[in-house]
Amino acid sequence: MSNVLVINSGSSSLKFAVIDPLTEKFFATGLVENIGGEAHLVVKMEGDKVDEITAVPNHQVALELTVKVLEEKKLLENGLKVVGHRVVHGGEFFSDSVIINSKVKTAIESCNELAPLHNPANLEGIEVAQKLFKGVPQVAVFDTAFHQTLPDYAYMYGLPKELYEKKGVRRYGFHGTSHRFVTLQAAKLLGKTRPEVNLVTAHLGNGSSITAVLNGYSVDTTMGLTPMEGIPMGTRSGTIDPGIFMYLHRQMGWTVSEINEVLNKKSGFLGLSGISNDMRTLSEAAVAGNAQASLTIEVFCWSLAKAIASMAVALPSIDALVFTGGIGENSALIREKTLAHLKILNFEVDSGLNLMHGKKEKGIITKEGSTRAMVIPTNEELLIAQDAMNLVS
Ligand code: ADP
């Protein structure tokens with residue numbers, strides 16, 4: 001019995017995977033979307049797929065439905081060793097993955113204010129899984145944990161210190177599981193141990209963050225108290241002049257919530273281009289001559305290059321810049337444009353290797369003699385499964 005169920009419970013969705021962390025084999029991956037209404041359940045398995053629409057009133061029913069399918073397909077026949085949960089915010093409580101007990105749940109709950117959309121949903125997933133898999137240990141893996149090694153001068157904002165002391169206002173950082181996964185992979189590919197690698201890791205997906213990894217550990221990152229900070233993303237503005245907040249309030253008459261909505265949901269690629277929040281769509285539109293799509297791509301690559309250069313400040317030298325996430329792994333255009341802005345760091349892209357997304361040469365996409373850039377596909381579910389297994393073995 002070595003299978004792990006990995007659960008990523010969102011406010012109206014439940015993503016899951018059944019994984020053997022030792023062989024790294026994924027037996028099933030899936031998703032229940034639109035929980036609370038007519039939900040869409042998709043389960044993908046080797047040579048098989050389940051796809052159905054059905055009423056799912058809550059997370060408990062979503063997980064029961066999932067388990068039913070997994071049982072029918074005989075994927076839970078040998079039982080589960082452990083359930084691994086993705087939890088977005090661990091505040092300053094967790095610098096590592098942990099086995100869940102009542103104290104851990106209380107600590108997760110106390111971070112609800114820091115991630116009001118995510119943590120309550122993550123907790124719900126934990127409660128439901130505990131009910132359904134009685135006696136099976138449950139493990140929490142936090143998005144923020146990898147960044148708990150940031151020094152104070154990197155995580156403190158230039159704000160009154162009481163706001164940190166009383167309300168926890170500081171940089172926490174996110175995508176930690178992805179940054180940690182590619183750090184471990186980069187070390188392997190470079191033939192080094194984790195403490196021997198100095199990296200800049202760029203996770204570029206619908207949300208994006210860039211991290212400085214010194215001797216294998218995060219020492220700075222672009223996301224902050226919330227995942228809104230950093231470079232422009234699918235629908236989030238990323239870092240902007242804080243004065244814009246007051247200006248918009250005065251000029252547009254918007255409330256705090258309305259401004260938050262614009263910065264979170266209507267900005268970034270979507271707001272700038274007026275077309276889409278999706279980089280693939282924008283890349284196609286740019287090729288077809290759409291000027292706003294081209295400008296959006298230019299803004300993204302310029303911001304990304306500046307963020308990479310700023311993270312490099314934390315390192316004595318760079319063993320590799322790692323691109324990951326949907327954009328990082330698949331867009332040769334974004335990587336090439338970004339590296340072209342980074343001559344100061346001696347990056348020189350090898351167009352042939354870049355076009356193959358690093359699938360030759362162990363992920364490397366730069367010329368010999370230049371600073372190394374690599375493409376490394378992320379796999380957060382696998383790392384959650386491995387953490388979970390390690391904690392119970
Ligand atoms: P999430 O952050 O939700 O996990 P992903 O990591 O899957 O998302 O990244 C999604 C982003 O990756 C989208 O903007 C998508 O358009 C982009 N992407 C995927 N493939 C390509 C591609 N071939 N070229 C450009 N962008 C791509």
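Reply: Happy to! Let's start with strand 6, which runs parallel to strand 8 (residues 138-142), the two being joined by 5 bridges. Here two strands count as paired if DSSP finds at least two bridges between them, and strands (E, at least two residues) and helices (H or I, at least four) are DSSP runs numbered from the N terminus. Before going on, please keep in mind that this is a predicted model, in which local features need pLDDT of at least 70, side-chain atom pairs count only at pLDDT 80 or more, and totals for chains, interfaces and linings use all residues. Residues are numbered from 1 along each chain as its sequence is written, and side-chain values use heavy atoms, with hydrogens and water left out.

Back to our strand. Strand 6 itself spans residues 82-87 and is mostly covered, with 5 of its 6 residues buried (under 20% relative accessible area, where over 50% is exposed and in between is partly exposed, using a 1.4 Å probe and protein chains only).

Now for a pair of helices. Helix 2 (residues 102-110) and helix 3 (residues 119-132) have axes that come within 9 Å and cross at roughly 155 degrees. Axes are lines fitted to C-alpha atoms, for helices over the stretch in contact, and angles run from 0 to 180 degrees between N-to-C directions. The crossing angle makes helix 2 roughly antiparallel to helix 3 (over 145 degrees; under 35 is roughly parallel, 65 to 115 roughly perpendicular and the rest oblique). On the helix 2 side, K105, I108 and E109 meet N119, L123, I126, E127 and Q130 of helix 3, where contact means heavy atoms within 4.5 Å.

Elsewhere, 5 strands form an open sheet with mixed pairing, in the order 11-10-9-12-13. Strand 11 (217-221) and strand 13 (373-375) each have a single partner strand, so one side of each is left without a neighbour in the sheet. From one strand to the next, the twist averages 25 degrees. Strand 10 (residues 208-214) pairs with strand 11 in the antiparallel sense over 4 bridges, and T211 has T221 in strand 11 as its bridge partner. Helix 6 (residues 176-190) packs on this sheet.
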